[in-house]
Amino acid sequence: MAQSVKVRVPGTIANCGPGFDTVGMAGTIYNYLELTLTEQPGVCIEVKGEGSGIIPDNEYNIAYQAVQAVFREVGAKQCGVLIRMENSIPLARGLGSSAAAIVAGLTAANALTGSNLSMEELLEMATRIEGHPDNVAPALYGGVTVSIVACGKVQCLRIDPAAGFTMVVAVPEFGLSTKAARQVLPKTVPHRDAVFNVGRAAMLVGALCTNNLSYFRYVIDDRLHQPYRQRLIPGMQQVFDAAVAQGALGAAISGAGPCLVAFTQHSPAAIGEAMVHAFAENGVKAHYLLLDLDKSGAKIIEDNT
Ligand SMILES: Nc1ncnc2c1ncn2[C@@H]1O[C@H](COP(=O)(O)OP(=O)(O)O)[C@@H](O)[C@H]1O
Ligand SMILES: N[C@@H](CCOP(=O)(O)O)C(=O)O
């Protein structure tokens, strides 16, 4: 019987305001990937849900590339693979779709080749493929993660905030690739803007660790990426203002956008409606999602090894 595993990986909300390329949160929206080793060589990829007809179904598929990276790393004999993807995470919206695909491929291939790679090694590989750790870390570990590259390695701390909160995500109809949203960022920023973010990123992490979520109102802000991406997301500030006026603790771009996320402990649906209405007033059709913090990260849900 062919060996196979099925993994579930959460979507992620990166940056969270001041934590550019560092802070990330896993949300309760999931992609599923089933990886089967086949006798006949080659790759067969089936995609259902988000990205069907768009995501490459050949060797250019980023999940397949992650699978191959594990096979090379552990010296597994080359064989054919069948990949079945069932996606709920929308592409090019800033919900970590590419990160989920990479982590799913790495996790499934590792499980099928004897689980020789540690979580730290998988994080290292995922970061190398994605290019930054703030999505792949929470996709792998779950919860809230703070990640940096130091001494040539990814260092990651996971936070499990005791205080619960909801992430209200306004999802516009248009897409924005992470690559395009990174191209508009400046090479340098004024020293005062760097100081602005350092303090807020530190206090964001502190607020999560000490369950002082009321501090979100002061720290969910940014001068390193949001001001430059605002022109790519019509109505961004109006959506932020509408969320806070409806009681949100704070609002930010989700990842590289165009999704916008509001953090709240009350009235999530009312906040979602207000965000969608504010987008509509700026000519943007959108819907909203209510996500809780996922605490599992990448999870093997079927194992036929
Ligand atoms: N679920 C997925 N499965 C396979 N490839 C994906 C998936 N999501 C995104 N990708 C690929 O990753 C690349 C970056 O996608 P993008 O949409 O910009 O990232 P994100 O969705 O994380 O914002 C694109 O080339 C896209 O084809
Ligand atoms: N720090 C990155 C986060 C990208 O997140 P994604 O969900 O849009 O892939 C950035 O802001 O570019």
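**Entry 1: ligand 2**

I began with Gly94, where a backbone N or O atom lies 3.5 Å from an oxygen atom of ligand 2, a polar contact in the sense of a pair of N or O atoms within 3.5 Å; within protein, one must be able to donate a hydrogen and the other to accept it, and residues adjacent in sequence count only if both atoms are side-chain atoms. I note at once that this is a predicted model, in which local features need pLDDT of at least 70 and side-chain atom pairs count only at pLDDT 80 or more, while totals for chains, interfaces and linings use all residues. Residues are numbered from 1 along each chain as its sequence is written, chains are lettered from A and ligands numbered from 1 in the order in which they are written, and side-chain values use heavy atoms, with hydrogens and water left out.

I then looked up the side chains, and found an N or O atom of Asn15 at 2.8 Å from an oxygen atom of ligand 2, and one of Arg182 at 2.7 Å from an oxygen atom of ligand 2. Taken alone, ligand 2 exposes 340 Å², of which the protein buries 98% (accessible areas by the Shrake-Rupley method with a 1.4 Å probe; for residues, only the protein chains shown count as cover).

Which residues come nearest to ligand 2? Of the 15 around it, they are Asn15, Asp21, Asp134, Arg182 and Arg229, a residue being near if one of its heavy atoms lies within 4 Å. By class, I recorded four nonpolar, seven polar and four charged residues in this shell, with Ala, Val, Leu, Ile, Met, Phe, Trp, Tyr, Cys and Pro as nonpolar, Asp, Glu, Lys and Arg as charged, and the others, Gly among them, as polar.

**Entry 2: ligand 1**

I next turned to ligand 1, which 15 residues surround, the closest being Met85, Ala92, Ser97, Ser98 and Thr178. A polar backbone atom of Ala92 is 2.8 Å from an oxygen atom of ligand 1, an N or O atom in the side chain of Ser97 is 2.6 Å from a nitrogen atom of the ligand, and a polar side-chain atom of Thr178 lies 3.0 Å from an oxygen atom of ligand 1. On its own, ligand 1 has 540 Å² of accessible area, and the protein covers 80% of that.

In its shell I recorded six nonpolar, nine polar and no charged residues. Helix H2 gives the most to this shell, with three residues; helices (H or I, at least four residues) and strands (E, at least two) are DSSP runs, numbered from the N terminus.

**Entry 3: backbone**

Most residues other than glycine have a negative phi, and most peptide bonds are trans. The peptide bond from Gly257 to Pro258 is cis, with omega near 5°, and I placed Pro258 in the loop between strand S8 (250-253) and strand S9 (260-264).
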